[in-house]
Amino acid sequence: MNPLDRYESLVDDVDAFRAACDRSLPSVVRANGVAASPDRVREAFDESGVAYEPVDWHDGLFRLPDGNPGGNWPYVHGWTHGQEEVSVLPTLALDPRPGERVWDACAAPGSKTTQIADAMDDEGTVVANDNNLGRLSALRHNAERLGITNTIVTNQDARNFSTKPLAFDEFDRALVDAPCSCEGTCRKNPDVLDQWTLDHVHAVAGIQKGVLARAVQATRPGGTVVYSTCTFAPEENEAVLDHVLANEDCGLVAFDLPLDTDPGVTEWEGETYDESVTRAKRIYPHRNDTGGFFCAKLRVGGEGDGSDGEGVAA
Amino acid sequence: MSDDAAAAGEAASDAPTNDGQQFDRLPETPADREVQGRASRAEVLDWWAERFGIGEGVFEEYGFWEKGAGKIWVFNGEATDPSEVEAVGMTFLRTRQEHWKPTGRAVSRFGAHATKNVIELDPEQASRFAAGDDQDIPEWDGDWGYLIATHEVAGESVPIGVGLYLYDELRSVVPKGSRADLPVVE
Ligand SMILES: C[S@@+](CC[C@H](N)C(=O)[O-])C[C@H]1O[C@@H](n2cnc3c(N)ncnc32)[C@H](O)[C@@H]1O
């Protein structure tokens, strides 16, 4: 069975959704502000004849219609990093600031870690964790290539992450970019649809709940936790939020993203979820011609008014 | 082995040694040194200033850490000392050998501040350097040893990596995994 069939009841325009999922995605790179501004990257592309197109909702993203994102000088200098468009969204929602303490719980291979460090001007401390040592070596390679110096790398199961090896025991912000069933990446890697099973959805949902709960516990009261996946499955998205809302001291906040999104769903296959999960955002491929994605923002110490007190400038 | 030597050996094993499993902060000065052979922060700062003219102000906010014999890391954040983690910042400098060697990544990150031992490559030389090829550059009349290789990108000089200059030849020491086959940009 094609898992995308399951989601037809959730989308407004089934034909557009299915058609978008069938189209492949262009290579995209993100300018790494630690090494060069988007303007410098543009100049270097111009000088060396690399074709690129802007992404209208993000100044630092470039689509490379000819592919080969690693075959040019800006890449060699660590000015760019290959990263799918929707993959920049969690860091925008997280909105980390220079000098803060930030936990990236499921960090490898480091696309978001390095974007977080960049947003912090490489100041403060990012703790990039993953339970997979092989993937961590890719993260280290990426972080070094991009010249990131504010990051500690740890190899733990995020569900029972210990802050003992760290100089502090609470974070200002945490990102849970969870392992998931990844249908949202089908435009890059159609195999994910063949490998999909409902058993895996249920197994990975258990991990997601454990990691998100730990992230809430490890973040200071008033701090921010962002949860993201690249799946459309409500079992791995709204159900995970619903579980953590019921068991940990936190609440979902409204926030802005610079592209068209749909609200989280409160009902799925006979289950109902807390009304506030509508504050989470679903990104369907046909809305902005991107991959699929899910992103939610939580405030730790749940008594907020449901608005994002920080006023995210996206 | 004489008794004296055995006693000396014991004394040596009581002294703190470098532990390859953890990151230790470098001592401030040689006088603060407890682990034999470990570089001090002052020596590292002097080395960058002397070799490349990079002033210590550039590194003011950064800490220097050793893990594994001689491998120095640069880190701009908070960490415990020692730290038992996989990485603390990025690799920076290889010490405990006669000629200290900066990493290519350190040079890429901080090399723009260098004022000496910088060799500017033309577009063709730059591509060969990035591919990991050695090349004859007899016209260089500066020091031998580790140099910062740069080239011009859109009007500004940008460090590419570390080269070793010996006998009229510039050897690219770009690690295999980072070598790139790039078009020549005139
Ligand atoms: C979606 S990927 C993360 C992508 C990454 N954030 C990026 O932007 O490059 C999910 C990661 O979670 C890791 N993971 C899975 N289970 C985990 C656990 N229990 N604890 C920590 N990491 C885990 C996987 O190894 C994988 O690297």
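How many salt bridges are counted between domain 1 of chain B and domain 2 of chain B? The count is one salt bridge, meaning a side-chain nitrogen of Lys or Arg within 4 Å of a carboxyl oxygen of Asp or Glu.

The model is predicted, with local features needing pLDDT of at least 70 and side-chain atom pairs counting only at pLDDT 80 or more, while totals for chains, interfaces and linings use all residues. Residues are numbered from 1 along each chain as its sequence is written, chains are lettered from A in the order in which they are written, and side-chain values use heavy atoms, leaving out hydrogens and water.

Begin by selecting 18-111 of chain B as domain 1 and 117-178 as domain 2, bounds that come from an automatic or database domain assignment. Their centres, taken over C-alpha atoms, are separated by 24 Å, and the contact (heavy atoms within 4.5 Å) takes twelve residues from each of the two domains.

Next, show the surface between domain 1 and domain 2 of chain B, where about 1000 Å² is buried, 64% of it on carbon and sulfur atoms; this is the accessible area (1.4 Å probe) that two parts lose on being put together, summed over both.

Then select D143(B) and R51(B), which form a salt bridge with their closest N and O atoms 3.9 Å apart.

Finally, on the side of domain 1 of chain B that touches domain 2 of chain B, select α2 (41-52), β6 (101-102) and α3 (104-110), each supplying at least two residues; helices (H or I, at least four residues) and strands (E, at least two) are DSSP runs, numbered from the N terminus. On that side, α3(B) gives the most, with four residues.
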